[in-house]
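Work through these exercises with the structure open beside you. Try each task before you read its solution.

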Amino acid sequence: MLSERMQSVLNKQIRIEAESSQIYLAMASWSEVKGLEGISQFMYGQSDEERMHMLKFFKYINERGGHAMVSELSAPALEFGSIKNMFEILFEHEVFVSQSINELVHISLEEKDYATHNFLQWYVAEQIEEEAQARTILDKINLIGDDKGGLYLFDNDIKRLTVVSSVAPPA
Ligand code: OFO
């Protein structure tokens, strides 16, 4: 059985994962409208992944005798200025999510809830991957700079990352 405190913070994380999904969906649409096919595919994939992260919390909370809540969400930005700016926002957002997961891990130990502590390890590993991926993408974008040809190749290149992430097991 989850403690009230544990249940409440897990439900807050559900909202964060749902908002992440919305943010990446907004990025997918912005890129699609700009004709950046590869990047938009990547963002649609990221958005789906975040929904999957959210659903894992749903299942877990309900399995442990709690009640997973659907909450109101903040509206994401709709314009991102430049590709570089968009990926910087993505990276910073993932760092924020990692901090939030770390805080959950901390609370699970305070609550002596070792089942939740164990459950959260999947997210700890996932966040390492997501941050690393965002950092790699930003490095590439910085290398390309204003080179249009480089950007074209990058837009094609990123499709491969989409394939990798969409076949990752939901666990
Ligand atoms: Fe849910 O991992 Fe990204 O935000």
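**Exercise 1. The whole chain**

Of the 171 residues of the chain, what percentage count as buried? Then describe the fold and the dimensions.

Solution. First, note the ground rules. This is a predicted model, in which local features need pLDDT of at least 70 and side-chain atom pairs count only at pLDDT 80 or more, while totals for chains, interfaces and linings use all residues. Residues are numbered from 1 along each chain as its sequence is written, and side-chain values use heavy atoms, with hydrogens and water left out.

Step 1. Of the 171 residues, 46% count as buried. Buried means under 20% relative accessible area, exposed means over 50%, and partly exposed lies in between (1.4 Å probe, protein chains only).

Step 2. Take the secondary structure. The chain has 5 helices and 0 strands. Both are DSSP runs numbered from the N terminus: helices are H or I with at least four residues, strands are E with at least two. Along the sequence the pattern reads α-α-α-α-α.

Step 3. Along its principal axes, the C-alpha trace spans about 55 × 25 × 25 Å.

Step 4. Look at the contacts (heavy atoms within 4.5 Å). Among those between residues at least 6 apart in sequence, 81% join residues at least 24 apart.

**Exercise 2. The nonpolar cores**

Find which residues of the largest nonpolar core touch the most other members.

Solution. Step 1. A nonpolar core is a set of buried Ala, Val, Leu, Ile, Met, Phe, Trp, Tyr and Cys residues joined through side-chain atoms within 4.5 Å.

Step 1. The largest core has 23 residues, and Met 27, Ile 39, Met 43, Met 86, Phe 87, Leu 90 and Phe 154 touch the most other members. At least two residues come from each of H1 (4-33), H2 (37-63), H3 (83-110), H4 (114-144) and H5 (148-166). H1 gives the most, with 6 residues.

Step 2. Zoom in on Met 86. Residues up to four places away in sequence are not counted; Met 86 then touches Met 27, Trp 30, Ser 31, Ile 39, Met 43 and Phe 80.

Step 3. Now find the second core. This separate set has 21 residues, including Val 9, Phe 57, Ala 68 and Phe 119.

Step 4. Return to Ser 31, a contact of Met 86. Ser 31 sits in H1 and is buried, at 0% relative accessible area. Beyond four places in sequence, Ser 31 touches Leu 36, Ile 39, Ser 40, Met 43 and Met 86.

**Exercise 3. Helix pairs**

Determine how H1 and H3 are oriented to each other. Repeat for H2 and H4.

Solution. Step 1. The axes of H1 and H3 come within 11 Å and cross at roughly 170°. Axes are lines fitted to C-alpha atoms, for helices over the stretch in contact, and angles run from 0 to 180 degrees between N-to-C directions.

Step 1. H1 and H3 are therefore roughly antiparallel. Angles under 35 degrees count as roughly parallel, over 145 as roughly antiparallel, 65 to 115 as roughly perpendicular and the rest as oblique.

Step 2. The axes of H2 and H4 come within 12 Å and cross at roughly 170°. This pair is therefore roughly antiparallel. Its contact includes Phe 42, His 53 and Phe 57 of H2, and Phe 119, Trp 122 and Tyr 123 of H4.

Step 3. Tyr 123 of H4 counts as buried, at 1% relative accessibility. Leaving aside neighbours within four places, Tyr 123 contacts Glu 17, His 53, Lys 56, Phe 57 and Ile 101.

**Exercise 4. A loop residue**

Find where Lys 112 lies, and decide whether Lys 112 is buried or exposed.

Solution. Step 1. Lys 112 is in the loop between H3 and H4.

Step 1. At 61% relative accessibility, Lys 112 counts as exposed.

Step 2. Check the backbone. Lys 112 has a positive phi of about 55°, although it is not a glycine. Most residues other than glycine have a negative phi.
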